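Welcome! Here is a short tour for anyone meeting this structure for the first time. Take a look at the sequence and the model, and then read on.

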Amino acid sequence: MELAEDNVEAVERYVQWLYSRDFKISPVGNTQCTNARYLELIRLYVLADKFNIPLLKNHIMGLLFETIKLPNGAFRDLISQDLDIRPPVSVLRLIYTNTPKGSPVRKFIAAFFVWHTSVIRYEEEACWGKMSEIPDFTIDIAINLAKRVDNRVDPLKDIMPFMEPIPKTEIADGLTEPVKSPSACLQVLASV
């Protein structure tokens with residue numbers, strides 16, 4: 001298995017996840033910490049997508065959901081005194097250059113921007129320049145805006161539409177459980 005082009009930190013988090021079904025990640029704190037969290041999660045999502053690991057992708061989607069929601073389930077304010085929870089353009093670019101059209105993470109990010117970003121944000125000149133750098137993102141925003149006008153149902157009320165089905169073979173092979181040893185980890189990596 002060749003991992004030379006993959007982000008080293010993402011690979012390390014993947015190995016952590018294989019052993020414990022969890023990994024260390026930056027907290028939601030100030031804007032800088034939150035941006036680092038998005039970058040860490042998306043890099044790992046790209047790796048999980050590359051090797052088709054839906055269980056890990058779903059775990060990451062859950063963490064993205066936690067990033068934008070408060071413990072009581074309400075959405076965080078997009079911009080407060082010291083926290084802007086909108087993913088930076090670098091994260092959007094990473095998503096849209098490394099995931100296929102229609103991927104759950106693309107749907108999630110587009111829905112987030114449509115349902116939880118002020119219209120004023122779209123009127124900013126800088127916003128249009130950034131959106132033009134990522135045309136597929138702009139298309140996804142337009143599609144989500146049309147859906148919002150049609151049915152006015154916030155797709156982020158539930159995480160399930162953004163989860164991928166877990167193949168029965170993964171469940172049968174025990175891949176839903178943490179890997180217990182280095183040799184088992186290598187076997188899992190070799191099978192991907």
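## Salt bridges and where they sit

R13 is buried, with a relative accessible area of 12% (buried means under 20% relative accessible area, exposed over 50%, and partly exposed in between, using a 1.4 Å probe and protein chains only). This is a predicted model, in which local features need pLDDT of at least 70 and side-chain atom pairs count only at pLDDT 80 or more, while totals for chains, interfaces and linings use all residues. Residues are numbered from 1 along each chain as its sequence is written, and side-chain values use heavy atoms, with hydrogens and water left out.

- The count comes to 6 salt bridges, a salt bridge being a side-chain nitrogen of Lys or Arg within 4 Å of a carboxyl oxygen of Asp or Glu.
- R13 has a salt-bridge partner in E40, with the closest N and O atoms 3.5 Å apart.
- Because E40 lies in helix α2 and R13 in helix α1, this pair ties together parts that are 27 residues apart in sequence. (Helices are DSSP runs of H or I with at least four residues, strands are runs of E with at least two, and both are numbered from the N terminus.)
- E40 also counts as buried, at 13% relative accessibility.
- R93 and E133 form another salt bridge, where the closest N and O atoms are 2.3 Å apart.
- That pair links distant parts of the chain, with R93 in helix α4 and E133 in helix α7 (residues 125–133), 40 residues apart.
- Both ends are partly exposed: R93 has a relative accessible area of 35%, and E133 one of 45%.

**The K57 and E164 meeting point**

- The side chains of E164 and K57 meet in a salt bridge of 2.8 Å, N to O.
- E164 lies in the loop between α8 and α9 and K57 in helix α3, so the pair ties together parts that are 107 residues apart in sequence.
- Are these two residues buried or exposed? Both E164 and K57 are buried, and K57 has a relative accessible area of 2%.
- D49 joins K57 and E164 in a network of salt bridges.
- Leaving aside neighbours within four places in sequence, E164 is in contact with Y45, P54, K57, N58 and P104, where contact means heavy atoms within 4.5 Å.
- Counted with residues up to four places away left out, K57 touches Y45, A48, D49, N52 and E164.

**Aromatic pairs**

- A search of the whole structure finds 5 aromatic pairs. Rings of Phe, Tyr and Trp (its six-membered ring) pair if their centres lie within 6.5 Å; planes under 30 degrees apart count as stacked, over 60 as edge-to-face and the rest as tilted.
- One of them is the tilted pair of F65 and F108, at 5.9 Å centre to centre with 45° between the planes.
- F65 lies in helix α3 and F108 in helix α5, so the pair ties together parts that are 43 residues apart in sequence.
- Both F65 and F108 are buried.
- Y96 and F137 make an edge-to-face pair, 5.6 Å centre to centre and 65° between the planes.
- Since Y96 lies in helix α4 and F137 in helix α8, this pair ties together parts that are 41 residues apart in sequence.
- Y96 is buried with a relative accessible area of 7%, and F137 counts as buried at 3% relative accessibility.
- Y96, F112, F113 and F137 form one aromatic cluster.

- In helix α5 (residues 104–115), 11 of the 12 residues are buried, so α5 is largely enclosed by the rest of the structure.
- The buried residues of α2 pack against α1, α3, α4 (89–98) and α5.
- Among the buried residues of α2 are Y45, A48 and D49.

**Two loop residues with positive phi**

- Most residues other than glycine have a negative phi.
- R21, in the loop between α1 (8–20) and α2 (31–50), has a positive phi of about 60° although it is not a glycine.
- R21 counts as buried, at 14% relative accessibility.
- Just after α2, N52 takes a positive phi of about 50°; N52 lies in the loop between α2 and α3 (54–68).
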